[in-house]
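Me: I would like to learn how to read strands, sheets, pockets and contacts from a model. Please take one feature at a time.

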Amino acid sequence: IHLENLESVHWLSNSRSMSVCGWAVLAVAVALGYLVQANLGTLAYGKELGFAAAEACALHQLPTPCEDLTAFRPGALFAGGGDLWSTFALGSEQAVAGAIYLVEGTKVTPLPILGEPPKLVLHGIYFSARSRRLYGVNHDEATGESIEVFDVLEEDGVSLKHAGSIRSPLFANFALNDVVEGAVKDEVYVTEWQGGGLPSWGKRG
């Protein structure tokens with residue numbers, strides 16, 4: 001075989017390799033495009049939202065702001081009250097004690113709590129329809145950063161029973177953000193809103 005024929009065979013081999021790579025890249029691009037389009041539909045990015053007229057909205061004046069809401073049943077949800085602004089700036093001792101509210105349309109009712117939970121300075125909250133428990137991230141320095149757990153009772157109206165507190169050395173001061181119930185009994189997941197804790201008695205401490 002002459003040298004020029006070897007070079008020709010080598011060039012043809014490279015051409016075939018490049019052709020195969022090109023088709024592979026095209027196939028990957030098509031697959032990614034399909035997945036992106038499928039996810040866009042699933043996540044409803046193209047959905048148009050309609051809002052009620054301004055006069056249909058109501059402002060509820062509560063003793064403390066409510067950082068989070070969680071669905072309870074059709075037409076009703078829980079709201080967790082916590083004086084976070086004062087807590088993060090000056091410490092939880094200076095904060096107004098919070099509460100858990102039942103919100104039904106324009107009606108807001110503070111719920112009675114059986115037991116002795118710590119001072120409520122609630123951040124994220126979560127209601128589990130499976131266990132009938134309400135979880136709340138709580139920032140009370142007197143007892144420590146915690147997840148407060150409540151059983152939801154529906155006898156003669158809605159009330160709560162304090163089931164216990166979850167604390168850990170991993171929970172930095174004022175660092176926790178939100179909580180959800182896990183897949184198995186007594187399993188929870190908690191998130192942080194910042195990488196480290198704040199000083200004792202708040203930022204100004």
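Predicted model: local features only at pLDDT ≥ 70, side-chain atom pairs only at ≥ 80, totals over all residues.

Me: In which sense do S5 and strand S9 pair, and over how many bridges?

Reply: Strands of a sheet pair through backbone hydrogen bonds, either parallel or antiparallel. Strands are DSSP runs of E, at least two residues, numbered from the N terminus; two strands pair if DSSP finds at least two bridges between them. Here S5 and S9 (residues 159–166) are parallel, with 2 bridges.

Me: What is the strand order in the open sheet of 5 strands?

Reply: The order is S5-S9-S8-S7-S6, with mixed pairing. S5 (113–114) and S6 are at the edges with a single partner strand each, so one side of each has no neighbour in the sheet.

Me: Which strands are at the edges of the sheet of 4 strands?

Reply: That open sheet runs S1-S2-S3-S4 and its pairing is antiparallel. Its edge strands are S1 (66–73) and S4 (107–110), each pairing on one side only. Inside it, 4 bridges join S2 (residues 76–81) to S3 (residues 100–104); Gly80 has Ile100 in S3 as its bridge partner.

Me: Which residues line the largest pocket?

Reply: On a 1 Å grid over the protein atoms alone, a pocket is an open set of points where a 1.4 Å probe fits, with protein on both sides within 12 Å along at least five of seven lines; lining residues have an atom within 4 Å of a point. In this model the lining consists of His60, Leu62, Cys66, Leu69, Leu77, Ala79, Val103 and Val108. S1 and S2 are the elements that give two or more residues to it.

Me: Why does Ser131 count as partly exposed?

Reply: Partly exposed lies between buried (under 20% relative accessible area) and exposed (over 50%), using a 1.4 Å probe and protein chains only. Ser131 has 30% relative accessibility, so it falls in that class. Ser131 sits in the loop between S6 (122–128) and S7 (133–138).

Me: How far apart are Ser131 and Lys185 in sequence and in space?

Reply: Ser131 and Lys185 are 54 residues apart in sequence and 8.5 Å apart in space, C-alpha to C-alpha.

Key
Residues numbered from 1 in each chain as written. Heavy atoms only, no water.
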